Each structure stands twice: as C-alpha cells, then as structure tokens.
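Open the model in your viewer with the sequence panel alongside. The stops below each give a selection and then what is found there.

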Amino acid sequence: MPSHFEKKFSQPSAISSLMEDLNQGVQNDQMLMLGGGNPAQIPAVKALFQRQIEAAAEDQTLLEGLSNYAGPLGKDSFRQHLAELLSSVFDSEIQPQHIALTNGSQSAFFALANLFAGQREDGSLKKILLPMSPEYIGYSDLGVKDDIFTSIKPQINLLDNREFKYQIDFEQLDITEDIGLVVTSCPTNPSGNVLTETELSELDRRCQAANTPLLLDCAYGAPFPNIVFSELKLPFNDNVILCLSLSKLGLPGARCGIIVAAPNIIKTLANLSGVMSLAPGNIGPVIAESMVSSGEIVKVSNELIQPYYHDKACYLAAKLKQAIDDPRFRIHKPEGAIFLWLWFKDLPISSQALYLRLKEKRLVVVAGQHFFPGLQSDWRHQQECVRLSYAQSEEVLDEAVTILAAEIKAIYAEH
Ligand code: PLP
C-alpha cells in the first residue's frame, strides 16, 4: 500500500508539467515561449550581476560561500543585512531571527502549506484559503493530502479600454475554523492584479480576527523586484508571513527564497530545512549581499526592473488590442508581475484546447484553467483565459500576437 506521499508524487503535478514545458521551450528556439515564469534577460541587470559575481570572485566571498555550508536558515550576514533593509522598508523591528532563506520560495510554500494545513493530530483537516481566484499554479499540488485548497470567485469589474480587474468578493469570504492559512500572491500570478490597500487591510484585519496567518507571496512585489505599476502597500505584523525571492530580480537559477515571519515559524522552518537540505544554497546571498547592504537592490528594482516590465506590458497590451478587435476579448489591467491575462468571453473551446492549438503553431502560453486551485465551481470563466509572459523580446511578442490573433479569429468563426 503506497504512502500518501508516494501516491501524491508518483503522478505529475500542474507545476512540474509547466516547468517541463518551460524547459522544452527554452531548449527549442523554434518555439515562441510566452508560457513560463522565467524573468526577462535585462541587459543592464545582467551586467550588474556579472559585476557582482566578478567582485565576489575577486574578494574570495564566492569561494568562501561555495566551500562552506550555511546554517539551516541560510547565510547569517545576508540575513542580518536583509533584516536592516526590511526594518526600514516596513518601519518595523525585523531581526535575523525573523528571516529564513530557502532554496526558492516554492520550496518554502511546500513546508508552510503542510505546516498550517493538511491532516491534524485529531484527524481533522485544515485548509488553505485563496481569497481570490485565479491564483498561482504552483500552489495547486502543495499538499501531501489532496484538496487542501479552497477559494472563491472574484468580482469582475469591466473597465474602459477593453480591460477588466478582479476584486476580492468579501461577502463570500469567510475565514472559518477549518482554515489554517490564507495565501495570496501580490502582484498576482497569473492576472497581474495588485490588491488595493483597502482589500489588503480588510484581508489582514479578518485574518487577525480569525487568528489565521496571512501569507503574502511577493515574488514579484515590494521591496524587490517591485514589478508593480500601481500603488501597493503591504500590511506587516506578527500575523503576516512575507515571502520574497531573488528569482524575478533575474536570478531564478540561484534558487533563493526569503521568508519573513514570527520567530517560532522561522524556527520550525530551520528544523525542516535541516532535514530536507541541511542548509539553503549560498550563491544567491553571495551575489546579492552587497546590493542588500547598500540598498542598491531596491534602487535597481525601481529604476531598471520595474520600468522595463512596465514598458513591455504596455507594448504587448497595445499590440493585442490592435490585432484582436473582437469585443469578447479583454485584458486584465496590467498592474504588475510579468504576465498579461487574456479573457476570451464565450470561447467555444477549453483553454487547454486553445493552448494545444497555439502550441501546434509554435506559440507556448499557459492555459488558464490551471490557475483556479481550490475553486469548486464549473464557472465558465476558468476555460476562457490564457496567460502570456511578456518577458520575451518585442520581436517574439509581435510574432506571438500575430499567431494568437489568427487562431482566435478562426476559433470564434468555426463555432
Ligand atoms: N510565487 C509566485 C507567484 C511565482 O510566480 C513564483 C514563480 O514563478 C514563485 C512564487 C516561486 O519562485 P521561486 O521558487 O523561484 O522563488
């Protein structure tokens, strides 16, 4: 008889299929890869990392980092500098004991999901509430036990300029006793939505009232890489678990996630980290440490990374609106992250079928239906959306738009 663990992980997960697709797309230069979550290759940012690596090689910190294990919470001096930076950003006293480094924030989610949700000692099941669907595909299979997610439909506000914006439906949001953790990505992957200050403070208030931790996944958010085009003010207090990452800054291969939380949670993560990996890797901390201690990481985010993606988002949105004039087509207001989320109302085929048709034509996107973990609903909207990354060059985006526009026109015409 297989264990829960074996049963779960002997099957492919949504995120492992996506990563495989990404890998194939990266390796096959015939494909137009708008599917994965790989950050853009921004020349000025790459040059900066090159200089950081050379300096670390020169002063031996690279070799020192590679020839020593860190402690289970990660490189101490990096955590110390991060604590100083985050204390000033959040105007709060953040100490190194509030910070754990992990091998990517994804691996931290696995630990946190199974810590706060899943089967309890008394046999009851705690769940994770995603206050607004659609949400990040990488959450889907985090539970060793299946069905640990629950979610609710958003309200959809139709905006001018063929855009729309999701909003949390607080009337439907109930943090009941069986909810062990509330999770939201901000900015949101896939939609590029940024929760308003009012939404975030109401969510925070309700989580505190229910004594349920609120995990804010800021892989794209403040203070770095800060790929946010609207106002984002994060709540920060003892009930918040903040997850940051060096990935979308341009270092996904460094696999460096950063968890900021109450010291008791960090201690548990240290115990888990010891068992799972002895210690997280040092390469990300070595490359980024001086940028953190000088505050340059925030400056680079605001002055290089954010404007780069903002220009790309505007470029792709304009091209799409120009090429697809069907009124059933709308784009989620691009407010951050590295994706556009497209909605084809009344799409006669599933989003997976659309994905396959586009892939035949060399264009890789991600089918929207995977981004609704925990939503027990046959809501048609789930089949009507796709996610496009705008991290690629304008030439690639132009070609992608031409293929997508022709295919959408054909699909609407066929039915
Ligand atoms: N959170 C969100 C919303 C993401 O989109 C991603 C990656 O695409 C991650 C977290 C995981 O990032 P990493 O494990 O590279 O830190």
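**Stop 1: helix H6**

Select residues 105-116, helix H6: at 1.5 Å a residue its twelve residues should span 16 Å, and the end C-alpha atoms are 16 Å apart, which agrees. This is a predicted model. Show the side chains of H6 and pick out its buried residues, which are Ser105, Gln106, Ala108, Phe109, Ala111, Leu112, Ala113 and Phe116. Just after the helix, Gly118 takes a positive phi of about 100°.

**Stop 2: Cys243 and the core**

Select Cys243 and its contacts, leaving aside neighbours within four places in sequence: they are Ser105, Ala108, Leu215, Leu216, Asp217, Cys218, Ala219, Gly257 and Ile259. Cys243 belongs to the largest nonpolar core, a set of 119 residues, in which Cys243, Leu340 and Leu342 touch the most other members. Helix H10 gives the most to this core, with eight residues. Domain 1 (4-45 + 300-414) and domain 2 (69-296) both contribute residues, so the core lies between them.

**Stop 3: the two domains**

Colour the chain by its division into domain 1 (4-45 + 300-414) and domain 2 (69-296). Their centres, taken over C-alpha atoms, are separated by 23 Å. How many residues of domain 1 are in contact with domain 2? There are 45, and they meet 44 residues of domain 2. On the domain 1 side, helix H1 (4-9), helix H2 (14-27), H10, strand S12 (329-332) and S13 each supply at least two residues. H10 has the largest share of that side, with nine residues.

**Stop 4: helix H12**

Select residues 394-414, helix H12. Its 21 residues should span 30 Å at 1.5 Å a residue, and the end C-alpha atoms are 30 Å apart, which agrees. Which residues of H12 are buried? They are Leu397, Ala400, Val401, Leu404 and Ile408. These residues cover an arc of only 105° around the axis, which puts them on the same side of H12. An α-helix has 3.6 residues a turn, so residues three or four places apart point the same way. Turn to the other side of H12 to find Glu395, Ala410, Ala413 and Glu414, which are exposed. The buried residues pack against strand S1 (32-33), helix H10 (296-323), strand S13 (339-344), helix H11 (351-360) and strand S14 (363-364).

**Stop 5: backbone details in loops**

Select Ser133 and Pro134, which are joined by a cis peptide bond with omega of about 0°. Pro134 is in the loop between strand S4 (125-130) and strand S5 (149-151). Next select Cys186 and Pro187, where a cis peptide bond also has omega of about 0°. Pro187 is in the loop between strand S8 (179-185) and helix H7 (197-210).

Then go to Gln60, which has a positive phi of about 75° although it is not a glycine. Gln60 sits in the loop between helix H3 (43-58) and helix H4 (61-66). Is Gln60 buried or exposed? With 10 other C-beta atoms within 10 Å, Gln60 is exposed. Asp346, in the loop between S13 and H11, is not a glycine either and has a positive phi of about 60°. Asp346 counts as exposed, with 9 C-beta neighbours inside 10 Å.

**Stop 6: the whole chain**

Buried residues make up 47% of the 415 residues.

Conventions: Residues are numbered from 1 along each chain as its sequence is written. This is a predicted model: local features need pLDDT of at least 70, side-chain atom pairs count only at pLDDT 80 or more; totals for chains, interfaces and linings use all residues. Helices (H or I, at least four residues) and strands (E, at least two) are DSSP runs, numbered from the N terminus. The expected span of a helix is 1.5 Å times one less than its number of residues. A residue is buried if 20 or more other C-beta atoms lie within 10 Å of its own, exposed if 12 or fewer, and partly exposed in between; C-beta atoms are placed from the backbone. The arc is that of the directions from the helix axis to the C-beta atoms. Two residues are in contact if their C-beta atoms, placed from the backbone, lie within 7 Å. A nonpolar core is a set of buried Ala, Val, Leu, Ile, Met, Phe, Trp, Tyr and Cys residues joined through C-beta atoms within 7 Å. Domain bounds come from an automatic or database domain assignment.
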